Amino acid sequence: MSYSSFTAASALRRLAGALERMSEDEISRLIDPNCDIEIKVIRRRSKEEISPETLVDLNSLVAKLTMFPSRAEASQFMETAFETKKTLDQIARHLDVPVLKQDKVETLRDKIIEATVGARLRSEAIKGTG
């Protein structure tokens with residue numbers, strides 16, 4: 001098998017796989033003469049790919065957040081240090097905080113603050129040490 005026939009066979013196998021994953025609605029539109037077909041090739045990102053924003057040391061960040069004396073100060077720090085949803089999402093997932101796709105940046109910040117400073121303050125209030 002030559003290289004060109006091998007690559008064509010590989011491409012056809014991938015196309016067949018994409019066709020198999022299509023829903024019935026997509027298939028009915030595929031045979032509809034009023035619809036056009038466009039083939040879009042996109043690169044899948046693996047979960048192991050590290051973006052520059054993932055270089056944050058999450059353990060030291062969590063320790064720092066937990067030590068803030070108030071939620072307001074932690075919130076101020078979070079607003080200046082982390083502006084993107086992606087980074088906040090990583091921090092929240094590191095803390096095992098439930099993250100919804102529709103969570104906005106402010107919601108993620110609040111969840112992170114409640115999981116760190118809020119948890120410490122609640123614990124101190126229960127113990128009567130705060």
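Tutor: A polar contact is a pair of N or O atoms within 3.5 Å, of which one must be able to donate a hydrogen and the other to accept it. Please keep in mind that this is a predicted model.

Student: What makes the pair of T87 and T84 side chains a polar contact?

Tutor: The side chains of T87 and T84 make their polar contact at 3.0 Å, and the cut-off is 3.5 Å. T87 itself is placed in helix α5, residues 85–94.

Student: Why is T87 called buried?

Tutor: Buried means under 20% relative accessible area. T87 has 6% relative accessibility, and therefore counts as buried. In the protein chain, 22% of the 130 residues count as buried.

Student: Which residues of helix α3 are buried, and how do you know that they line one face?

Tutor: In α3, residues 58–66, the buried residues are L61, V62 and L65. Viewed down the helix axis, they fall within an arc of 100°, so they line one face of α3. An α-helix has 3.6 residues a turn, so residues three or four places apart point the same way. The cover over the buried residues of α3 includes α4 (71–81), α5 and α6 (105–127).

Student: How does the radius of gyration of the protein chain stand against that of a compact globule?

Tutor: The protein chain has 24 Å, whereas a compact globule of 130 residues would have a value near 14 Å. Along the principal axes, the C-alpha trace spans about 75 × 35 × 25 Å. The protein chain contains six helices and zero strands.

Conventions
Residues numbered from 1 in each chain as written. Predicted model: local features only at pLDDT ≥ 70, side-chain atom pairs only at ≥ 80, totals over all residues. Heavy atoms only, no water. Helix = DSSP H or I, 4+ residues; strand = E, 2+ residues; numbered from the N terminus. Buried < 20%, exposed > 50% of the residue type's maximum accessible area, 1.4 Å probe, protein only. Arc of directions from axis to C-beta. Contact = heavy atoms within 4.5 Å. Rg over C-alpha atoms; globule rule 2.2 N^0.38 Å.
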